[in-house]
Amino acid sequence: MATIDTPVKTSAGGSGHAPVRAPRPRRGRPGSRLWVKVVVALLLVVEVYPMIWMFLTSLKSNDDYLNNSTWSLPTTWEWGNYTEAWTTGNIGLYVQNSLLAVVPALALMLLLGTAAGFALQVMVWKGRSLTLLVFLAGMMVPPQMILLPLFTVYFQTGLSGTLWPLILTYTGTGLPLTVFMMATYYRSVPRELFEAATIDGAGILRAFWTISLPLVRNALLTVGLVQFFFIWNDLLIALTFTNNQDLRTIQVGLLNFTGDFGATQYGPLFAAICINVFGTLVIYLFLNQKVMKGLTSGALKG
C-alpha cells in the first residue's frame, strides 16, 4: 500500500530532516510607505483647506474681503454674518423650500424605483428585459432637452407657481438610475427566500414589504443618499421652474444672494454657503458606514 512520505521535524541537534521554518512576513519598503503618506496628506490638504478658507471668509466683513488679501485671516470676526444670512438673506426659507421639494421627490423615487427593481429582477413576466432597457434609455436623455416641454405642460396644467414642478421633475429624472441600481441590488438577493415565502403562502405584496425591503435597506440608504445630493445640488431645474422668489431653493437663493442696491455681501454669502456645505457634510459623515455597506452588498452574489 502506497503511503505519503512526510518529513519528520526534529530539533537542530537531532537526526532527521532539517526543521521547517515559518516564512517571515514581508515588510513594506519605508520609501513606499512614505510615498503613500505624502499622497494621502496632499489629498487631505486639497479636500480640507478649501473648507477652512471658506469658513474663515464667512467671518470677514465686506471691506475686509475686498481690501485685504484673500488668504489673510479676518481682522474682525463677524459671527453676525450667519445671522444675517439666515434672516436677511432668507437662507432659512430657501432651506425649507429645498426640503419641501427634495423629501417628497426622494420618497416617491425610492418607492417607485424599489418596486420597479423588485418587479424586474424577482418577478418573472414577459417583456421585463425590454422594460429594463427602456429605463436605461431614460438615463441617456439630457435634462436640458425636456425642460421646455415640461415648462409648457406645467404652465397649461396650472402647476406653475408651486413646488410640484420640482417634485415631479426630480422624481422623473432620478427614477431611471434608481431602478437600475435597485435592480442590481435585488440580483444579489437569494431567490430561495422568495420561493420559501411563496410556499408559505405569501403574496407578491407581502414578499415585497416584509422580505425584500429589510434585505435591501442598506441599498435603499445608499441610493437615497446619492440621489439626495444630486437633487439638493441641482441648479438648472430649480432655476427653470421657480419663477417666484418665495419658491427658490437654496442653490437658486445663493445665486441671487445680494444686499442693498444689488451689491454682493460676501460675508453673509460665504456664511450661507457654509450652512449648505457643512449641513450636507454632516449628513454624509453620519451615514458613511451605511453607505459603504450598501455599496459592497450590491457587488456580492448571495
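**Exercise 1. What span should the 24 residues of helix 7 have at 1.5 Å a residue, and how far apart are its end C-alpha atoms?**

This is a predicted model: local features need pLDDT of at least 70, side-chain atom pairs count only at pLDDT 80 or more, and totals for chains, interfaces and linings use all residues. Residues are numbered from 1 along each chain as its sequence is written, and side-chain values use heavy atoms, without hydrogens or water.

Step 1. Take helix 7, residues 164–187. Helices are DSSP runs of H or I with at least four residues, strands are runs of E with at least two, and both are numbered from the N terminus.

Step 2. The expected span is 1.5 Å times one less than the number of residues. For helix 7 that gives 34 Å.

Step 3. The end C-alpha atoms of helix 7 are 34 Å apart, which agrees.

Step 4. Check for a bend, the angle between axes fitted to the seven residues ending at a residue and the seven starting there. Helix 7 has a kink of about 40° at Leu175, shortly before the proline Pro176.

**Exercise 2. Classify the ring pairs of Phe118.**

Step 1. A pair of aromatic rings is described by the distance of the centres and the angle of the planes. Rings of Phe, Tyr and Trp (its six-membered ring) pair if their centres lie within 6.5 Å; planes under 30 degrees apart are stacked, over 60 edge-to-face, the rest tilted.

Step 2. The whole structure holds 15 aromatic pairs. In one of them, Phe118 and Tyr186 sit 5.7 Å centre to centre with 70° between the planes, an edge-to-face pair. This pair links helix 4 to helix 7, across 68 residues.

Step 3. Phe118 and Phe194 have centres 5.8 Å apart and planes at 70°, so this pair is edge-to-face. Phe194 lies in helix 8 (residues 191–199) and Phe118 in helix 4, so the pair ties together parts 76 residues apart in sequence.

Step 4. Now test burial: buried means under 20% relative accessible area, exposed over 50%, partly exposed in between (1.4 Å probe, protein chains only). Phe118 is at 3%, so it counts as buried. Tyr186 is buried at 0%, and Phe194 at 7%.
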